[in-house]
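Please consider the following points on the model below.

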Amino acid sequence: MAEDSGGPKAVDKWFDRASPTYRCVVDPTHQISSLFGWVNVPSAAWIDEEGRIVRSSEGAYPAETTYRFGIGKVRLGNNAFATATRDWIERGAHSEHVWSAKQLAERLRPVDDDTLLAEATFKLALHFEATGDGTRARRHFAAAEHLAPDNWNYLRQGWTHTGTAYAHLKVLRRTNRLRKTSDKSYYDPMELPGENYRRFTEPEWLWTPAARRLKQLLRR
């Protein structure tokens with residue numbers, strides 16, 4: 001499921017490129033994240049045959065992926081989540097990666113007044129965007145960002161309202177600042193063997209290999 005206020009035209013190229021054999025859905029109002037309490041993508045939930053949520057994680061890439069933007073790129077994800085998912089499929093409730101009800105409750109993000117107000121403000125921003133009122137949309141996107149500064153779904157969607165290139169630049173700047181100045185990261189850790197949840201904060205530019213090699217030579 002893609003979450004994008006741009007609707008099908010914003011995501012069809014990704015669906016077409018993937019050639020999926022299953023149904024894909026576009027969620028223009030981010031309803032799925034509202035229901036599960038997710039603040040980033042890709043996110044995934046494991047739901048067993050009885051309809052119980054037994055794990056809910058973020059940064060759930062199925063494999064290593066390279067995302068290119070202009071003269072730069074970032075390497076996203078690895079095989080950690082896919083390996084854990086296969087283990088769950090094979091072993092079911094006996095998989096070590098299944099959370100207990102207590103673990104799930106502990107990992108759910110707390111909902112306070114600011115969270116509720118941010119959600120309502122974000123939904124208003126989406127409404128104004130859909131009705132063509134860009135001024136009010138930008139105002140409410142900014143307010144939602146202020147109320148929930150760690151909700152990357154709000155941030156990226158609000159920045160994308162200004163433009164895709166602008167959004168890419170803002171994400172890179174903010175993740176780079178996080179990496180240098182705090183313990184926070186773009187993704188929450190899933191605590192799976194072999195994961196690298198901070199990976200997105202390390203962009204590589206066209207000149208990165210040469211610069212890395214030069215630094216190695218200077219150290220010698």
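1. Two strands are taken to pair if DSSP finds at least two bridges between them. Strands (E, at least two residues) are DSSP runs numbered from the N terminus. The model is predicted: local features need pLDDT of at least 70, side-chain atom pairs count only at pLDDT 80 or more, and totals for chains, interfaces and linings use all residues. Residues are numbered from 1 along each chain as its sequence is written, and side-chain values use heavy atoms, with hydrogens and water left out.

2. On these terms, E5, E6 and E7 form an open sheet in the order E5-E6-E7, with antiparallel pairing. Strands E5 and E7 (204-205) are the edges, each pairing on one side only.

3. Strand E5 (residues 65-69) is joined to strand E6 (residues 72-76) by five bridges; Thr65 has Leu76 as its bridge partner in E6. Two residues lie between the strands of this hairpin, where Gly70 takes a positive phi near 60 degrees.

4. E6 and E7 pair over two bridges, and Gly72 has Trp205 as its bridge partner in E7.

5. Arg55 lies in strand E4 (residues 53-58). Arg55 is buried (under 20% relative accessible area, 1.4 Å probe, protein chains only) but has no salt bridge (a side-chain nitrogen of Lys or Arg within 4 Å of a carboxyl oxygen of Asp or Glu). The nearest side chain of opposite charge, Glu195, is 6.3 Å away.

6. With heavy atoms within 4.5 Å taken as contact, Arg55 touches residues including Trp46, His97, Trp99 and Met190, not counting those up to four places away in sequence.

Conventions: Helix = DSSP H or I, 4+ residues; strand = E, 2+ residues; numbered from the N terminus. Buried < 20%, exposed > 50% of the residue type's maximum accessible area, 1.4 Å probe, protein only. Lys, Arg positive; Asp, Glu negative; His and termini not counted.
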